[in-house]
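This briefing concerns strand pairing and salt bridges. Please examine the sequence and the structure shown here before reading the points that follow.

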Amino acid sequence: EAKSKDQYAEYQENLDPGMTENAVCRSIGRVELGDSVGLLLWEIRYESFAACPLYQGHHVLGTVIFQGKTISTMHIASNVTGSDAPMRFESFQLASILKNGELNIRNFAQTHEEGELIENSSSKTNYLFSSKGFEVKK
């Protein structure tokens, strides 16, 4: 709203470290997963004022449409980083959307302290969308 009223420059001048400087949300498109299931894809991008602490993120979300009705919204993919010396954090969520209705999601996260890796994690979740709905597959 500040940008549309020519108040953005004033907003930027008053930013403190750690405050969000830019944020955008927009539609990406729609993926059909069979006859009765669709996934509306949209993204959110944000970044902080360029000072310490510093962060940025890019998230892709999917709103599940089942038989023409909105069912839920789920986190599909992301790239998030943040730092506040001496710590740094990175998180990635990658997704594959297949024509047969499979959605495969992989998560990776790392934390560094003074340049040294102190935590590393990964996980995987698979979903199957069909005319009966969707299920989490192990």
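In the hairpin of β5 and β6, four residues lie between the strands, and Gly101 adopts a positive phi near 100°. The model is predicted, so that local features need pLDDT of at least 70 and side-chain atom pairs count only at pLDDT 80 or more, whereas totals for chains, interfaces and linings use all residues. Residues are numbered from 1 along each chain as its sequence is written, and side-chain values use heavy atoms, with hydrogens and water left out.

- Strands are DSSP runs of E with at least two residues, numbered from the N terminus, and two of them pair if DSSP finds at least two bridges between them.
- Strand β5 (residues 87-97) runs antiparallel to strand β6 (residues 102-113), and eleven bridges join them.
- Within this pairing, Glu90 lies opposite Gln110 of β6.
- β6 is also joined to strand β7 (residues 116-130), in the antiparallel sense, by twelve bridges.
- His112 has Leu117 in β7 as its bridge partner.
- The hairpin of β6 and β7 has two residues between the strands, and Glu114 in the turn shows a positive phi of about 50°.

- Eleven bridges connect strand β1 (residues 20-32) with strand β2 (residues 37-48) in an antiparallel pairing.
- Arg30 faces Leu40 of β2 as its opposite residue.
- Four residues separate the strands in the hairpin of β1 and β2, where Gly34 has a positive phi near 100°.
- β2 pairs with strand β3 (residues 54-66) as well, again antiparallel and over eleven bridges.
- Glu47 stands opposite Gln56 in β3, and the hairpin of β2 and β3 has five residues between the strands.

**Salt bridges and accessibility**

- The whole structure contains four salt bridges (a side-chain nitrogen of Lys or Arg within 4 Å of a carboxyl oxygen of Asp or Glu).
- Arg30 and Glu32 form one of them, at 2.5 Å from N to O.
- Arg30 has 45% relative accessibility and therefore counts as partly exposed, a class lying between buried (under 20% relative accessible area) and exposed (over 50%), with a 1.4 Å probe and protein chains only.
- Glu32 is likewise partly exposed, at 45%.
- Glu90 and Arg88 meet in a salt bridge at 3.1 Å, N to O; Arg88 is partly exposed, with a relative accessible area of 36%.
- Arg45 forms a salt bridge with Glu43, with the closest N and O atoms 3.3 Å apart.
- Arg45 is partly exposed at 42%, whereas Glu43 is buried at 4% relative accessibility.
- Arg26, Glu43 and Arg45 belong to one network, joined by salt bridges that share partners.
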